[in-house]
Amino acid sequence: MALFEAKTSVTDGRAVVSLAGECDLTSRDELTAVLLAAVDLAPLVVVDLAGLRFIDSSGVHALVAGYHAAQRQGRTLLAVNAAGVVAHVLEMTGVGALLAPPAESAA
């Protein structure tokens with residue numbers, strides 16, 4: 001498996017972007033491009049982080065860029081299934097709460 005992989009699937013007005021591997025400076029531009037394309041494809045973008053083992057500030061920046069692009073277009077970008085170090089980084093930066101689905105953010 002490559003160090004970083006992003007796959008997008010679209011069904012019923014929802015784009016799911018599944019991430020795997022390690023997201024850092026070397027994959028930031030790829031992730032940003034994938035997220036921006038997904039925002040153009042569907043009104044709801046769900047970023048599935050289950051396969052992501054590592055994320056640094058570059059990856060966090062790409063997630064925030066995708067979130068802002070969605071907001072500008074009146075769309076929604078959410079992140080789900082973060083675990084381990086990825087969940088910790090998102091929690092410490094506040095991005096986890098920013099991208100949490102409504103049911104999780106209300107808990």
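How many salt bridges does the count come to by this rule: a side-chain nitrogen of Lys or Arg within 4 Å of a carboxyl oxygen of Asp or Glu? The count comes to two. Both are on this tour.

Before selecting anything, note that this is a predicted model, in which local features need pLDDT of at least 70, side-chain atom pairs count only at pLDDT 80 or more, and totals for chains, interfaces and linings use all residues. Residues are numbered from 1 along each chain as its sequence is written, and side-chain values use heavy atoms, with hydrogens and water left out.

**Stop 1: the sheet**

Show the strands. Helices (H or I, at least four residues) and strands (E, at least two) are DSSP runs, numbered from the N terminus. Four strands form an open sheet in the order β1-β2-β3-β4, with mixed pairing. Two strands pair if DSSP finds at least two bridges between them. The edges belong to β1 and β4; each has a single partner strand, so one side of each is left without a neighbour in the sheet. Neighbouring strands are turned by 20° against each other on average, direction ignored. Axes here are lines fitted to C-alpha atoms, for helices over the stretch in contact, and angles run from 0 to 180 degrees between N-to-C directions.

**Stop 2**

Select residues 4–11 for β1 and 14–23 for β2. The two run antiparallel, joined by eight bridges. Find E5; opposite stands A20 in β2. Then go to T11, which stands opposite R14 in β2. Two residues lie between the strands of this hairpin, and D12 takes a positive phi near 50°.

**Stop 3: the salt bridges**

Select R53 and E22. Their side chains meet in a salt bridge, 3.7 Å from N to O. R53 lies in β3 (residues 44–55) and E22 in β2, so the pair ties together parts that are 31 residues apart in sequence. Relative accessible area is 46% for R53 and 30% for E22. Both count as partly exposed, the class between buried (under 20%) and exposed (over 50%), with a 1.4 Å probe and protein chains only.

Now select R28 and D29. Their closest N and O atoms are 3.5 Å apart in the other salt bridge. R28 is partly exposed at 29%, whereas D29 is exposed at 53%.

**Stop 4: the core**

The largest nonpolar core has 28 residues. Such a core is a set of buried Ala, Val, Leu, Ile, Met, Phe, Trp, Tyr and Cys residues joined through side-chain atoms within 4.5 Å. L19, V45, V47, L49, L52, I55 and L77 have the most contacts inside it. The elements giving two or more residues are β2, α1 (28–41), β3, α2 (57–72), β4 (76–80) and α3 (84–93).

Centre on V47. Leaving aside neighbours within four places in sequence, V47 is in contact (heavy atoms within 4.5 Å) with residues including V17, L19, L35, L63 and L77.

**Stop 5: helix α2**

Show α2, which lies across β2, β3 and β4 and runs at about 145° to β4. Pick V60 in this helix. Is V60 buried or exposed? V60 is buried, at 9% relative accessible area. Beyond neighbours within four places in sequence, its contacts are I55, V89, L90, T93 and V95. Finish with V86: the C-alpha atoms of V60 and V86 are 9.7 Å apart, with 26 residues separating the two in sequence.
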